[in-house]
Amino acid sequence: MVGALILGSCSTKQVTADSSQASETSTKTTTEVSSVSDNTSENIPGMKDLPRLEGKATVVMTVKGSPITIEVDGTNAPITAGNFVDLVQRGVYNGLAFHRVIHSPQPFVAQGGDPQSKDAKVPIDRLGTGSFIDSKTGKARYIPLEIKPQGGDTPIYSKTLESAGVTKPPVLQHKLGAVAMARSQMPDSASSQFYFALADLGFLDGNYAVFGHVTDGMNVVSKIQQGDRIDSAKVTKGAENLKNGGH
């Protein structure tokens with residue numbers, strides 16, 4: 001049986017795969033997302049309270065004892081990158097599992113970051129719906145879809161490039177080793193779940209927010225299997241570039 005495999009069911013192009021692998025990637029949002037206007041400006045409701053990375057940072061994520069070095073790009077994706085670095089600083093990713101990993105019929109993604117996976121008793125097939133809950137508010141934290149087109153001064157928020165009428169490709173693309181946020185069909189539903197691109201996935205460009213790429217340890221990424229856990233994730237450089245992070 002062949003099913004359609006799409007990240008968050010929002011891409012207009014699909015990759016076919018065995019339906020047992022074709023579970024929806026993302027945070028299936030069940031809570032209201034903070035109101036964020038359709039705007040290319042960052043001066044929109046809800047933005048001021050979100051972490052922001054001004055510049056770049058380096059994160060070293062260890063999986064099964066082996067390090068993966070990620071360059072996080074706050075220059076081109078300040079909110080998405082800031083959210084990720086903030087979650088790393090909070091220790092959110094430590095101990096979480098990669099619940100959706102697709103190597104065949106062709107390499108696709110290794111997705112993790114669902115906080116529910118910290119509990120080893122939660123079955124893999126129940127993962128993919130969890131979000132980061134901010135202890136200060138007691139609510140899930142979501143971030144707007146953020147994609148900067150080539151030639152643009154600022155990212156476009158809350159819209160795919162296609163829905164925004166933009167034909168230029170994004171600055172940050174789904175090349176092998178790209179790191180991006182998973183989400184549901186709602187554009188502003190990304191929270192903590194992320195994925196590594198296991199191949200060039202250009203058909204996802206403009207639909208999902210890439211915020212960094214693997215600079216070392218891609219051999220480790222390519223060996224990730226479903227159920228493998230993140231031993232630890234640490235910011236090794238650029239932590240001072242994070243603004244409005246948690247404590």
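The legends below describe a set of close-up views of one predicted model. Because the model is predicted, local features are taken at pLDDT of at least 70 and side-chain atom pairs only at pLDDT 80 or more, while totals for chains, interfaces and linings use all residues. Residues are numbered from 1 along each chain as its sequence is written, and side-chain values use heavy atoms, with hydrogens and water left out.

**Figure 1. The chain as a whole, with its two helices and 16 strands.** Helices (H or I, at least four residues) and strands (E, at least two) are DSSP runs, numbered from the N terminus. Of the 247 residues in the chain, 52% are buried, where buried means under 20% relative accessible area, exposed means over 50%, and partly exposed lies in between (1.4 Å probe, protein chains only). The accessible surface comes to about 10900 Å², 47% of which belongs to carbon and sulfur atoms; such areas come from the Shrake-Rupley method with a 1.4 Å probe, and for residues only the protein chains shown count as cover. Among the contacts (heavy atoms within 4.5 Å) with a separation of 6 or more, 68% are between residues 24 or more positions apart.

**Figure 2. Helix H1, residues 78–90.** The 13 residues of H1 reach 18 Å from the first C-alpha to the last, close to the 18 Å expected at 1.5 Å a residue, the expected span being 1.5 Å times one less than the number of residues. Because 11 of these 13 residues are buried, H1 is largely enclosed by the rest of the structure. The buried residues include Pro-78, Ile-79, Phe-84, Leu-87 and Val-88, together with Asn-83 and Asp-86. After H1 comes Gly-91, with a positive phi near 80 degrees.

**Figure 3. The two cavities of 30 Å³ or more found in a search of the whole structure.** On a 1 Å grid over the protein atoms alone, a cavity is a set of points where a 1.4 Å probe fits but cannot get out, and its lining residues have an atom within 4 Å of a point. Grid points are joined across faces, edges and corners, and a volume is the space filled by probe spheres set on the points. The largest cavity, with a volume of about 80 Å³, is lined by 14 residues, of which Glu-146, Ile-147, Lys-148, Leu-172 and Val-210 lie nearest its centre. This lining divides into eight nonpolar, three polar and three charged residues, with Ala, Val, Leu, Ile, Met, Phe, Trp, Tyr, Cys and Pro counted as nonpolar, Asp, Glu, Lys and Arg as charged, and the others, Gly among them, as polar. The second largest cavity has a volume of about 50 Å³, and its lining includes Thr-80, Ile-143, Met-181, Arg-183 and Ala-209. Its lining residues divide into seven nonpolar, one polar and one charged.

**Figure 4. Backbone details at Pro-105, Lys-64 and Ser-158.** Ser-104 and Pro-105 are joined by a cis peptide bond with omega of about 10 degrees, and Pro-105 is found in the loop between strand S6 (98–101) and strand S7 (109–112). Lys-64, in the loop between strand S4 (56–63) and strand S5 (66–73), has a positive phi near 50 degrees although it is not a glycine. Ser-158, in the loop between strand S11 (156–157) and strand S12 (178–181), also has a positive phi, near 70 degrees. Lys-64 counts as exposed at 61% relative accessibility, whereas Ser-158 is buried at 6%.

**Figure 5. Asp-73 in strand S5.** With 7% relative accessibility, Asp-73 counts as buried. Leaving aside residues up to four places away in sequence, Asp-73 touches Gly-55, Lys-56, Ala-81, Leu-172, Phe-211 and Gly-212. Asp-73 and Ala-57 are 16 residues apart in sequence and 6.9 Å apart in space, C-alpha to C-alpha.

**Figure 6. The loop residues Gly-95 and Gln-116.** Gly-95, found in the loop between H1 and S6, is partly exposed at 23% relative accessibility. Beyond residues up to four places away in sequence, its contacts are Ser-117, Lys-118, Arg-229, Ile-230 and Asp-231. The C-alpha atoms of Gly-95 and Pro-115 are separated by 9.1 Å. Gln-116 lies in the loop between S7 and strand S8 (133–134) and is partly exposed, with a relative accessible area of 30%. On the same terms of sequence separation, Gln-116 touches Val-122, Arg-126, Leu-127, Thr-129 and Gly-130.

Notes: On a 1 Å grid over the protein atoms alone, a cavity is a set of points where a 1.4 Å probe fits but cannot get out, and a pocket is an open set with protein on both sides within 12 Å along at least five of seven lines; lining residues have an atom within 4 Å of a point.
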